[in-house]
Amino acid sequence: MRNLTIKRHKSFVGCAVKLKVYIEDPTSNELTISKVSCRKIGELKNGEEKTFQVEEEARKVFVIADKLSKDFCNEYYQLPESSEDIYLSGKPKYNLATSNAFRFDDNDSEEVKLYREKKKGIGIAVLIIAAIVGFGAGFIATSGLFDDLFSKTAYPKTFTSNGLTITLTEAFDEVEMSSYNVVFDSKHVAVFALEEEFSLMAGLEDYTVRQYLELVIQANNQGNISVKYEDGLYSYVYDATNPQTKDTYTYFVYGFKSDDSFWSVQFAVLADEAEEFEEQIIEWAKTIEVE
């Protein structure tokens with residue numbers, strides 16, 4: 001046996017999620033991750049470092065958020081056959097398509113890059129499927145009473161969950177996703193809310209909402225994006241393309257500050273529908289309140 005030490009760097013992204021660590025084990029039936037039989041060896045909290053006992057054979061080590069998203073929100077590192085102890089580190093990276101999957105540092109082989117792109121495509125497909133299912137249930141419940149559930153005349157519905165209140169419409173349903181505090185889906189628009197406490201970084205409580213969003217942009221390498229202040233809200237917009245389907249999505253990101261944390265709330269929509277829904281998204285964002 002040998003020691004495998006993994007350091008999870010402290011990060012805003014996915015801070016509330018306790019990550020699970022699995023090791024490849026052909027003899028185990030505990031869990032299959034991306035067609036690889038694995039067994040659980042431990043968990044990692046935000047900023048935590050742990051040492052595990054693992055075999056000396058060549059094995060893959062996986063880090064996942066939960067069993068539901070294990071086949072797209074995951075990362076693996078190929079451990080070589082050796083008796084030497086191994087030290088690894090990493091942190092979750094901001095990406096809706098992978099539910100902010102964990103990423104090992106210096107794990108950039110061509111095989112791993114291809115693996116990540118494949119998982120990103122699966123993640124976006126899962127989000128689309130969830131949105132379609134949510135809309136189907138809503139449509140049946142309303143018996144087709146209105147043609148456009150997203151028009152200004154649609155019945156509004158106020159949701160309050162896990163410290164956030166927002167008024168959307170009856171076309172939305174709340175769903176669970178481990179990387180976020182609150183998620184709502186619909187046929188065309190999905191909403192993802194994440195709370196990040198001041199305790200994550202010294203001095204964070206002194207940041208303004210604009211500075212917080214700029215920090216998020218910088219930390220997640222989202223390029224030269226400017227934060228704007230409009231209609232009493234701080235926000236920014238970015239696009240992301242699914243490499244598998246080539247569909248491009250637009251994300252409207254809004255920042256909020258409470259007594260002990262910051263919140264980022266994202267509205268995701270297909271890029272070719274972004275202009276159609278932008279005005280309505282702004283109105284929804286104006287209704288957001290955080291505890």
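Predicted model: local features only at pLDDT ≥ 70, side-chain atom pairs only at ≥ 80, totals over all residues.

Me: Is aspartate 106 buried or exposed?
Reply: Exposed requires a relative accessible area over 50%. Aspartate 106 reaches 74%, so the residue counts as exposed.

Me: What is phi of aspartate 106?
Reply: Aspartate 106 is a residue other than glycine.

Me: What is phi of lysine 35, and which loop holds lysine 35?
Reply: Lysine 35 also has a positive phi in a residue other than glycine, near 70°. The loop runs between β3 (31-33) and β4 (36-44).

Me: Is lysine 35 buried or exposed?
Reply: The cut-off for exposed is over 50%. Lysine 35 has a relative accessible area of 83%. Lysine 35 is therefore exposed.

Me: How many helices and strands are in the protein chain?
Reply: The chain has 291 residues, and buried residues make up 52% of them. Its accessible surface is about 14,300 Å², with 47% belonging to carbon and sulfur atoms. The count of elements is three helices and 19 strands.

Me: Among contacts between residues at least 6 apart in sequence, what percentage join residues at least 24 apart?
Reply: A contact here means heavy atoms within 4.5 Å. Take the contacts in the protein chain between residues at least 6 apart. The share joining residues at least 24 apart is 56%.

Me: Why is β6 described as largely enclosed by the rest of the structure?
Reply: Arg59, Val61 and Val63 point one way from β6. Lys60, Phe62 and Ile64 point the other way, and all are buried. β6 is largely enclosed because the buried count is six of six residues.

Me: Which strands pair with β6, and over how many bridges?
Reply: Strand β2 (residues 19-24) pairs with β6 in the antiparallel sense, over four bridges. Tyrosine 22 stands opposite phenylalanine 62 there. Strand β7 (residues 74-79) also runs antiparallel to β6, with valine 61 opposite tyrosine 77. The bridges joining β6 to β7 number six.

Me: Is arginine 59 buried or exposed?
Reply: Arginine 59 is found in strand β6 (residues 59-64). Beyond its neighbours within four places in sequence, its contacts include Glu24, Asp25, Arg39 and Tyr77. Buried means under 20% relative accessible area. Arginine 59 has 13%, so the residue is buried.

Me: What is the order of the three strands in the open sheet?
Reply: The pairing is antiparallel. β10 (156-161) and β19 (289-290) stand at the edges, each with a single partner strand, so one side of each is left without a neighbour in the sheet. The order is β10-β11-β19.

Me: In β11, which residue is the bridge partner of proline 156?
Reply: β10 and strand β11 (residues 164-169) run antiparallel. Six bridges join them. The bridge partner of proline 156 is threonine 169.

Me: How much space lies in the largest cavity?
Reply: The structure holds three cavities of 30 Å³ or more. The space in the largest is about 80 Å³.

Me: Which element gives the most to the lining of the largest cavity?
Reply: Lining residues include Lys228, Tyr236, Phe252 and Ile282. Elements giving two or more residues to this lining are β15 (228-230), β16 (233-241), β17 (248-257) and α3 (271-286). With four residues, the one that gives the most is β16.

Me: How do the residues of that lining divide into nonpolar, polar and charged?
Reply: Glu230 and Asp231 are among the lining residues, as are Leu233 and Val237. The division is seven nonpolar, one polar and four charged.

Me: What distance separates the C-alpha atoms of threonine 241 and alanine 271?
Reply: Threonine 241 is found in strand β16. With a relative accessible area of 44%, threonine 241 is partly exposed. Leaving aside neighbours within four places in sequence, threonine 241 contacts Lys246, Asp247 and Thr248. Alanine 271 is 30 residues apart from threonine 241 along the chain, and the C-alpha separation is 9.3 Å.

Key:
Residues numbered from 1 in each chain as written. Heavy atoms only, no water. Buried < 20%, exposed > 50% of the residue type's maximum accessible area, 1.4 Å probe, protein only. 1 Å grid on protein atoms, 1.4 Å probe; cavity = no way out; pocket = protein on both sides within 12 Å on 5 of 7 lines; lining within 4 Å. Points joined across faces, edges and corners; volume = space filled by probe spheres on them. Nonpolar A, V, L, I, M, F, W, Y, C, P; charged D, E, K, R; others polar. Areas by Shrake-Rupley, 256 points an atom, 1.4 Å probe, with all protein chains shown as cover. Pairing = 2+ DSSP bridges.
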